Amino acid sequence: MCGIVGYIGKKPAYPILIKGLKRLEYRGYDSAGVAMVSDSGSLNVYKAKGKVDNLTDYCADKDVTGSIGIAHTRWATHGEPSARNAHPHYSQSKNLAIIHNGIIENYADIKTKLQAKGVQFASDTDTEVLVQLVEYIMVKKHLSLLEAVQVALYQVIGAYAIAIIDKRDPEQIVAARKQSPLVVGIGEGEYFIGSDASPIIEYTDKVVYLEDGNIAVIRLDEELKVLSILGQEQELKVKKVDINLGQIEKGGYEHFMLKEIFEQPECLTNCMRGRINVEGDNVTLSAMIDYKNQLLNARRIVIVACGTSWHAGLIGKQLFESICHIPCEVEYASEFRYRNPVINKDDVVIAISQSGETADTLAAIHLAKEQGAFIFGICNAIGSSIPRATDTGTYIHVGPEIGVASTKAFTGQVTVLSMLALCMAKELGSISDERYKKMVKELTLIPGKMEQALKTNEQIEHLARIFTYARNCLYLGRGYNYPVALEGALKLKEISYIHAEGYPAAEMKHGPIALIDSEMPVFVIATRDRLYEKVISNIQEVRARGGRVTALVTEGDKQISKFADDVIELPDTMECFQPLIASIPLQLLAYHIAVCKGKDVDRPRNLAKSVTVE
């Protein structure tokens, strides 16, 4: 959600800022802008509605000189998407410019007070209120930019990642964060700012992840200084970013989403590397070694997540209950945080988030911590806020996910949940040694079976043309495959804008069956498992009412083809690992339908990759 880029050094800032904005396009946005102190000393702000390319077109005949600048892709919260409301925003004197991710919740009250003092506003945003407040404090109290930022941030309520420049001091950027990510890259005689590391890694692998409530004072030819809002100097924690440029480029694929779907076999191999031994019969997680007692003494597991991560949590629930025999609940973080939930000190709360910055999940973690629960994080983004807020956890290590619709992060999360459940079950003695080794071995075979599943791509591309003009779709599954139905429906909604719903197949006759007719495509996950015969009955119920059935079946299945209009064959695996295989054709189906409809697959409308505000 929104993207921040900044640069200060000896090079021309504009090309670096624009390239950085393009690297952040995956986060979702509706407008873009840049602010630079030019070689002549003027502070130039250029903004455009729509894509970054619109901004570069607008800047074609503008003064884009200067070696200090900030840039932003905006996802509208306050004020409609427009050039007027796009960032950066000037202060009234046009001496200051600001970019901001997040929400200032008390902006209306501050704005009213500033207007009463004669301050005039040029936009409808909460962000402009902050830069006007900073300038008002600077003038009234004769403070420096840093001091005014400290005073202003002490007064605001909400979440923010900000960067401010002052044309009167073109060798300084002041940046700060609270509940919204911000990274500072350290180069040779230059500094970079980003919402994440993707705009930075081309130039340096040394970064500082700002902590909540910290302010970075970035001055040319000086060491980076990090302070608290109250001015206390903080320890500088420089990290090395382990991402290569190829991971955030398309690599010959038409879209990032397609690339990331096809990366999944390699990604899951990386996820398991070092955790499952060479013989493929044992799982070791450092969290289980370091926090064995806290995990094994859990009276209950509570999984908190949002969106696709919530679907992964539903699969995790079945694993924890079936092989660990520990009660498990799965909560939407957005509901959990406001529900006054009953949390006990012997509960383990597992927080799942691809970005590690999901605002609702972070809030859920803080609530659970206050009530004494042990917090385990499952994230992809190293150094993000959730891993820092949890007691321990495991990274999924699937590499940067650029496509807004999550694919490889979902299968990575399910893989980590599987490994964690196996570790706990072994230590608890709730699983036989034979079954344990068999499950671990099967998990190591999943990447190869994913490769087989990806060979259905051509068949699915053909089927997608049939469903391009569908208005509604139904996805059905049972047991471990019910969450796959939910995830398949979500993928279709996200990128093709076709209404779709996922249901437990047996629940269809409790309402949704009324929707079935010849114009309702129904996708059924019908792989061979203990509920196979039940699913066949559900398919027959759909066919009896004229519905068109596309079934995902186990390779060699001859029975379901008698009832389904189309079948997609998948390699056989254990029931608990079927979601890792079955999710792939549904990802491909959503992708190809969206492409047929001419949709922007990697940047679907109204969506952001990381939801860092409520």
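What share of the contacts in the chain with a separation of 6 or more comes from residues 24 or more positions apart? In this predicted model, such residues account for 70% of those contacts. The chain is built from 19 helices and 24 strands, and 61% of its 614 residues count as buried.

**Overall form**
- A compact globule of 614 residues would have a radius of gyration near 25 Å, and because the chain has 26 Å, its value agrees with that expectation.
- Taken along the principal axes, the box that the C-alpha atoms fill is roughly 80 × 55 × 45 Å.

**Surface and charge**
- The chain exposes about 23800 Å², and carbon and sulfur atoms supply 48% of this area.

**Backbone details in loops**
- The peptide bond that runs from His87 to Pro88 is cis, with an omega near 0°, and Pro88 is placed in the loop between strand S4 (68-74) and strand S5 (89-90).
- His325, although it is not a glycine, has a positive phi of about 60°, and this residue lies in the loop that joins helix H10 (307-324) and strand S16 (328-332).
- His325 has a relative accessibility of 55%, and because exposed means over 50%, His325 counts as exposed.
- Asn340 is likewise not a glycine and has a positive phi of about 50°, and its place is in the loop between helix H11 (333-336) and strand S17 (347-353).
- With a relative accessible area of 67%, Asn340 is exposed.

Notes. Residues numbered from 1 in each chain as written. Predicted model: local features only at pLDDT ≥ 70, side-chain atom pairs only at ≥ 80, totals over all residues. Heavy atoms only, no water. Helix = DSSP H or I, 4+ residues; strand = E, 2+ residues; numbered from the N terminus. Rg over C-alpha atoms; globule rule 2.2 N^0.38 Å. Buried < 20%, exposed > 50% of the residue type's maximum accessible area, 1.4 Å probe, protein only. Contact = heavy atoms within 4.5 Å. Areas by Shrake-Rupley, 256 points an atom, 1.4 Å probe, with all protein chains shown as cover.
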